[in-house]
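Please find below a colleague's note on the structure, intended to be read alongside the sequence and the coordinates.

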Amino acid sequence: MAKKKVIDLDTYNALDAWAICLHEMWTALRKAGFTTDIALALVMDKDAYPDWILPAKPIEKIGSIDPDEYIVTGK
């Protein structure tokens, strides 16, 4: 099996997230069979996609988890 790439949210800023969303939307539209002209028009139109694709406010990283908190000890 291929190793999965871990995404560190600290390395992405709002511009990176915007570019990634546009790329993913373009790829999905082309895979769904849209022509390049229509896909480009949909990607360029901000009203064409919902907030969950490109949220108004950047996604915040969830606080760090202490791995020792989940250690199960015997009885």
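1. The structure is a predicted model, and the remarks below should be read accordingly.

2. Dimensions of α1. Helix α1 covers residues 14-31. With 18 residues at 1.5 Å a residue, α1 should span 26 Å, and the distance of 26 Å between its end C-alpha atoms agrees with this.

3. The buried face of α1. Which residues of α1 are buried? They are Cys21, Leu22, Met25 and Leu29. Viewed down the axis of α1, the buried residues lie within an arc of 95°, and they therefore line one face of the helix. These buried residues of α1 pack against α2.

4. The end of α1. Just after α1, Gly33 adopts a positive phi of about 105°. Helix α2 covers residues 36-44.

5. Geometry of the helix pair. The angle at which α1 and α2 pack is about 145°, and their axes are 10 Å apart. The crossing in which α1 passes α2 is right-handed.

6. Contacts between the helices. On the α1 side, the residues that meet α2 are Leu22, Met25, Trp26, Leu29 and Arg30. Their counterparts in α2 are Thr36, Ala39, Leu40, Leu42 and Val43.

7. The nonpolar core. The largest nonpolar core consists of six residues: Leu22, Met25, Leu29, Ala39, Val43 and Tyr49. Both α1 and α2 supply at least two residues of this core. The greatest contribution comes from α1, with three residues.

8. Met44. Met44 and Leu22 are separated by 22 residues in sequence, while their C-alpha atoms are 8.7 Å apart in space.

Notes
Residues are numbered from 1 along each chain as its sequence is written. This is a predicted model: local features need pLDDT of at least 70, side-chain atom pairs count only at pLDDT 80 or more; totals for chains, interfaces and linings use all residues. Side-chain values use heavy atoms; hydrogens and water are left out. A nonpolar core is a set of buried Ala, Val, Leu, Ile, Met, Phe, Trp, Tyr and Cys residues joined through side-chain atoms within 4.5 Å. Buried means under 20% relative accessible area, exposed over 50%, partly exposed in between (1.4 Å probe, protein chains only). Helices (H or I, at least four residues) and strands (E, at least two) are DSSP runs, numbered from the N terminus. The expected span of a helix is 1.5 Å times one less than its number of residues. The arc is that of the directions from the helix axis to the C-beta atoms. Contact means heavy atoms within 4.5 Å. Axes are lines fitted to C-alpha atoms, for helices over the stretch in contact, and angles run from 0 to 180 degrees between N-to-C directions. A crossing is left-handed if the near helix is turned anticlockwise from the far one by less than a right angle, and right-handed if clockwise.
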